[in-house]
Amino acid sequence: MKIIISETARISLIEIIDFLNAKWTAKEIAVLENDIKKFRQTMMDNIVKHPSLENFPDIKYTLIGRNQIKMMYEIKADEIVIKLFWHCRQNPVRLKYFLSK
């Protein structure tokens with residue numbers, strides 16, 4: 001199964017990493033990067049089922065990076081589309097805007 005990262009997800013990940021560079025150590029950022037890599041293997045092995053968002057039932061999420069970042073994705077016929085990376089301390093009202101895109 002192919003994994004695609006949307007443009008919105010790329011931008012959100014860059015913004016989060018820029019923000020975290022000031023707050024986290026390099027080791028903690030490496031944990032975030034490693035969690036993203038582990039997600040790929042987890043999805044390929046089909047060993048974990050992640051919960052869906054209440055208002056967006058087709059979008060699933062997993063917590064990564066010390067459980068402070070939500071990686072939201074959608075499973076399609078032959079691919080997984082990573083839609084957004086979301087720091088859990090952000091304003092949740094903005095989340096609906098990004099997921100509606």
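Q: Ground rule to start: buried means under 20% relative accessible area, exposed means over 50%, and partly exposed is in between. Where does Glu 28 fall, buried, exposed or partly exposed?
A: This is a predicted model. Glu 28 has 22% relative accessibility, so Glu 28 counts as partly exposed.

Q: What does Glu 28 form a salt bridge with?
A: Its partner is Arg 66. The closest N and O atoms are 2.2 Å apart.

Q: Which parts does that pair tie together?
A: Glu 28 lies in helix α2, and Arg 66 lies in the loop between β2 and β3. The pair therefore ties together parts that are 38 residues apart in sequence.

Q: And how accessible is Arg 66?
A: Arg 66 is partly exposed, with a relative accessible area of 40%.

Q: What about the phi of Arg 66?
A: Positive, about 60°, although Arg 66 is not a glycine. Most residues other than glycine have a negative phi.

Q: What is the phi of Asn 67, then?
A: Asn 67 also has a positive phi of about 60°, and it is not a glycine either. Asn 67 lies in the loop between β2 and β3.

Q: Is Asn 67 buried or exposed?
A: Exposed: its relative accessibility is 54%, and the cut-off for exposed is over 50%.

Q: Back to salt bridges. How many does the structure hold?
A: The structure holds 2. Besides the Glu 28 and Arg 66 pair, Glu 74 forms one with Lys 83, with the closest N and O atoms 3.5 Å apart.

Q: How covered are Glu 74 and Lys 83?
A: Glu 74 is buried, with a relative accessible area of 16%. Lys 83 counts as partly exposed at 21%.

Q: Zoom out. How many helices and strands does the chain have?
A: There are 3 helices and 4 strands. From the N terminus on, they run β-α-α-β-β-β-α.

Q: How does the radius of gyration compare with the globule rule?
A: The radius of gyration is 13 Å, close to the 13 Å that the globule rule gives for 101 residues, so the chain is as compact as a globular protein of that length. Along its principal axes, the C-alpha trace spans about 40 × 30 × 20 Å.

Q: What share of the residues is buried?
A: Buried residues make up 36% of the 101 in the chain. The chain exposes about 6,600 Å², and carbon and sulfur atoms supply 53% of that area.

Q: Among contacts between residues at least 6 apart in sequence, what share joins residues at least 24 apart?
A: That share is 46%.

Q: How do β3 and β4 pair, parallel or antiparallel?
A: Antiparallel, over 7 bridges. A hairpin joins β3 to β4 through 3 residues. In this pairing, Met 71 stands opposite Phe 85 in β4.

Q: How many bridges join β1 to β4?
A: There are 4, and these two strands run parallel. Strand β1 covers residues 2–5. Its Lys 2 has Glu 79 of β4 as bridge partner.

Q: You mentioned Phe 85. What does Ser 12 touch?
A: Leaving aside residues up to four places away in sequence, Ser 12 touches Leu 84 and Phe 85. Ser 12 lies in helix α1, residues 7–23. Ser 12 is buried, at 8% relative accessible area.

Q: Switching to Phe 56. Where does Phe 56 lie?
A: In the loop between α2 (26–45) and β2 (59–64). At 21% relative accessibility, Phe 56 counts as partly exposed.

Q: What does Phe 56 touch?
A: Lys 96, Leu 99 and Ser 100, not counting residues up to four places away in sequence. Phe 56 and Ser 100 are 44 residues apart in sequence, and their C-alpha atoms are 9.0 Å apart in space.

Q: Last topic, the surface. Which residues make the nonpolar patch?
A: Met 1, Met 44 and Ile 75 make a patch of about 270 Å². Ile 75 is found in strand β3, residues 69–75.

Q: How accessible is Ile 75?
A: Ile 75 is partly exposed, with a relative accessible area of 41%. The patch cut-off is over 30%.

Methods
Residues numbered from 1 in each chain as written. Predicted model: local features only at pLDDT ≥ 70, side-chain atom pairs only at ≥ 80, totals over all residues. Heavy atoms only, no water. Patch = residues over 30% accessible without salt bridge, like charges linked within 9 Å, V, L, I, M, F, W, Y side chains within 5 Å. Areas by Shrake-Rupley, 256 points an atom, 1.4 Å probe, with all protein chains shown as cover. Salt bridge = Lys/Arg side-chain N within 4 Å of Asp/Glu carboxyl O. Buried < 20%, exposed > 50% of the residue type's maximum accessible area, 1.4 Å probe, protein only. Contact = heavy atoms within 4.5 Å. Rg over C-alpha atoms; globule rule 2.2 N^0.38 Å. Pairing = 2+ DSSP bridges.
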